[in-house]
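Hello,

The structure is below, followed by notes on what was found in it. Please read the notes with the structure open.

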Amino acid sequence: MAPVLLNLPTQLSLESNVAQTLSLLERCSIMEEMKQIHAHIYKTGLIVDPVPMSRLLVSSTSPDFGNLTYARKVFDRISRPNTFMWNAMIRGYSNSNEPEAALLLYHQMLFHSVPHNAYTFPFLLKACSSLSALEETKQIHAHIIKTGFGSDVYAMNSLLHVYAISGSIKSAHLLFDRLPQRDIVSWNSMIDGYTKCGSIETACEFFKDMPVKNVISWTAMISGFVGAGLNKEALNLFHQMQIAGVKPDNVALTSSLSACANLGALDQGRWIHAYMDDNGIKVDPILGCVLIDMYAKCGDMEEALKVFMKLEKKGIYAWTVIINGFAIHGQGQEAIDWFVQMQQAGIKPNLITFTALLTACSHAGLVDDGRSMFKSMATVYKLNPTIEHYGCMVDLLGRAGLLMEAKELIEKMPFMPNAAIWGALLNACWIHGHLELGKRIGKILIEIDPAHGGRYIHLARVHAAAGEWDQAFEVRSQMKHRGVSKLPGCSAISLNGIVHEFSAGDGSHPQVEEIYQMWNRIAEKLREEGYKPATGNLLLDLEDEEKERAIQYHSEKLAVAFGLIRTKPETTIRIFKNLRVCEDCHTVTKLISKIYVRDIVVRDRSRFHHFKGGKCSCGDYW
């Protein structure tokens with residue numbers, strides 16, 4: 001790049017020289033230019049003038065093009081740096097990956113008895129925030145009071161923010177109550193702090209009590225809801241934000257799209273995407289990844305691919321998200337093909353990429369490909385597999401019936417197996433009828449994960465399959481005695497921007513009578529097709545007729561019935577299930593897709609099932 005200094009005259013007055021130097025520093029955009037200006041300052045004798053030297057330090061600590069090592073050399077050669085210069089260096093370090101250097105520099109500032117100003121403490125507190133340095137924050141708090149800045153809004157808001165996000169929310173609340181004046185930043189810090197520590201209700205109270213809200217207030221609350229798994233509430237608040245006339249920023253859009261992905265709410269996701277297009281919001285790499293993820297998790301891989309293809313820069317995360325999309329849709333070979341394309345594009349995979357690939361191989365039964373991918377992590381890509389990758393391999397081998405190989409892998413892996421690893425093997429034992437091994441693993445699972453209701457259910461199911469009903473009920477009694485509950489099954493369907501949720505035997509929906517009448521008509525057609533309920537696995541002390549009645553009102557069946565009532569013929573019905581789809585519901589949904597000539601897309605806890613014409617995309621391999 002051409003230098004900015006163009007034969008500067010040296011015989012200017014001191015005042016003119018200072019003005020011209022400051023103008024050059026203002027326009028400086030790269031370090032080479034800045035070094036030339038530094039040389040000019042030295043040559044013209046301005047090295048002793050604090051004004052141009054202060055501006056030089058600001059430029060050399062710029063997060064955009066500065067060089068902190070160079071800035072420190074300049075700073076160390078100044079005989080008596082003023083407060084502005086110390087602040088410039090502290091700010092530079094607080095914005096860097098060396099925030100602890102800001103605190104060390106502050107110690108030197110104190111040693112030299114340099115006076116503070118209103119900007120010293122916010123820069124220091126930013127460093128504390130990056131380091132989650134609570135003790136140092138408390139010390140700086142004391143310095144703020146001692147130096148008379150206890151009523152400075154900027155300093156106190158910075159202090160409040162650090163307390164709020166560093167896990168000391170009680171200190172933050174106490175400080176908030178004592179603030180002589182609160183502005184919108186003060187309120188936003190409290191909302192952010194309470195959402196981050198999981199106190200969503202308190203955050204909501206602060207949000208409601210705010211005298212004035214800005215986009216950051218809305219965004220903090222929406223992100224907090226998503227982080228707490230309250231995705232419906234997040235989308236409701238996003239719509240309220242629209243009504244209030246507040247234009248969402250990229251963070252609010254990202255969080256809202258994540259909520260859509262978590263709910264399988266395709267209509268809302270499409271609306272947000274259209275809103276972005278209509279308002280000229282550029283799809284940056286983060287929004288691009290979230291959009292791809294939303295479409296993939298809502299069952300629309302075609303649209304996910306369109307977004308991917310339009311991205312100007314396709315980084316590792318975009319490639320990984322699209323590969324994971326194919327993985328959860330059971331399209332293992334497509335996931336591998338896109339991995340090959342990623343390599344051809346010169347993008348190196350990371351650990352998350354391999355999790356997606358191994359998941360794809362597991363869902364599609366691609367054992368040889370999975371083995372090869374797992375081995376290549378260390379040998380080709382120099383990546384050490386984590387316990388999550390070993391879990392994927394155990395799941396892959398177990399689903400394929402290779403239980404002894406899966407067990408050997410667990411015994412040889414460099415980690416202590418966790419509940420997820422043993423759970424994958426137990427599921428394989430159940431699928432393939434290795435009941436003795438399943439009983440041993442089930443007992444291990446209850447020991448290491450005693451608060452998880454599903455562990456007891458799975459072990460009881462294995463005992464029941466072995467005809468050991470007494471042991472099965474003993475496990476269930478143990479679960480009850482310990483106060484452990486099973487996560488209830490819940491299915492959701494999104495229609496016209498509203499998410500409708502159902503649980504087994506649910507009677508809370510406004511159209512409950514119509515839904516059950518519809519289900520009775522469906523059940524009659526199923527019987528005509530020769531369907532018989534799969535009640536063998538129900539661990540209930542009921543007669544066969546009662547078991548049939550219990551199983552026919554599972555949540556996804558009610559959601560499908562509601563979908564048939566509320567959508568036009570030939571419309572695809574999309575269901576989201578929080579647990580694994582049971583055998584009976586899988587069979588029933590295949591038949592419904594044939595009887596009513598409907599495409600039905602069900603996303604369960606781990607993957608998609610696309611039902612069409614009496615068949616499922618999983619090929620009954622799930």
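Helices (H or I, at least four residues) and strands (E, at least two) are DSSP runs, numbered from the N terminus. This is a predicted model, in which local features need pLDDT of at least 70 and side-chain atom pairs count only at pLDDT 80 or more, while totals for chains, interfaces and linings use all residues. Residues are numbered from 1 along each chain as its sequence is written, and side-chain values use heavy atoms, with hydrogens and water left out.

Backbone first. S132 sits in the loop between helix 7 and helix 8 (134-146), and its phi is near 50°, a positive value in a residue other than glycine. E570, in the loop between helix 31 (555-566) and strand 3, also is not a glycine and has a positive phi of about 75°. Most residues other than glycine have a negative phi.

Next, a helix pair. The axes (lines fitted to C-alpha atoms over the stretch in contact, with angles from 0 to 180 degrees between N-to-C directions) of helix 7 (residues 120-131) and helix 9 (residues 153-165) come within 9 Å and cross at roughly 5°. Helix 7 is therefore roughly parallel to helix 9, a label given to angles under 35 degrees. Contact means heavy atoms within 4.5 Å. On the helix 7 side the contact residues are F121, P122, L125, C128 and S129, and they meet Y154, A155, S158, L159, H161, V162 and I165 in helix 9. By class, this contact has nine nonpolar, three polar and no charged residues. Ala, Val, Leu, Ile, Met, Phe, Trp, Tyr, Cys and Pro count as nonpolar, Asp, Glu, Lys and Arg as charged, and the others, Gly among them, as polar.

Rings of Phe, Tyr and Trp (its six-membered ring) pair if their centres lie within 6.5 Å; planes under 30 degrees apart count as stacked, over 60 as edge-to-face and the rest as tilted. The count comes to 22 aromatic pairs. One of them, Y119 with Y154, is edge-to-face, at 6.0 Å centre to centre and 75° between the planes. Y119 lies in the loop between helix 6 (99-111) and helix 7, and Y154 in helix 9, so the pair ties together parts 35 residues apart in sequence.

Last, cavities. On a 1 Å grid over the protein atoms alone, a cavity is a set of points where a 1.4 Å probe fits but cannot get out, and lining residues have an atom within 4 Å of a point. The whole structure has three cavities of 30 Å³ or more. The lining of the largest cavity comprises 13 residues, with G264, C298, R574, I575 and F576 nearest its centre.

Regards

Methods: 1 Å grid on protein atoms, 1.4 Å probe; cavity = no way out; pocket = protein on both sides within 12 Å on 5 of 7 lines; lining within 4 Å. Points joined across faces, edges and corners; volume = space filled by probe spheres on them. Parallel < 35°, antiparallel > 145°, perpendicular 65-115°, else oblique.
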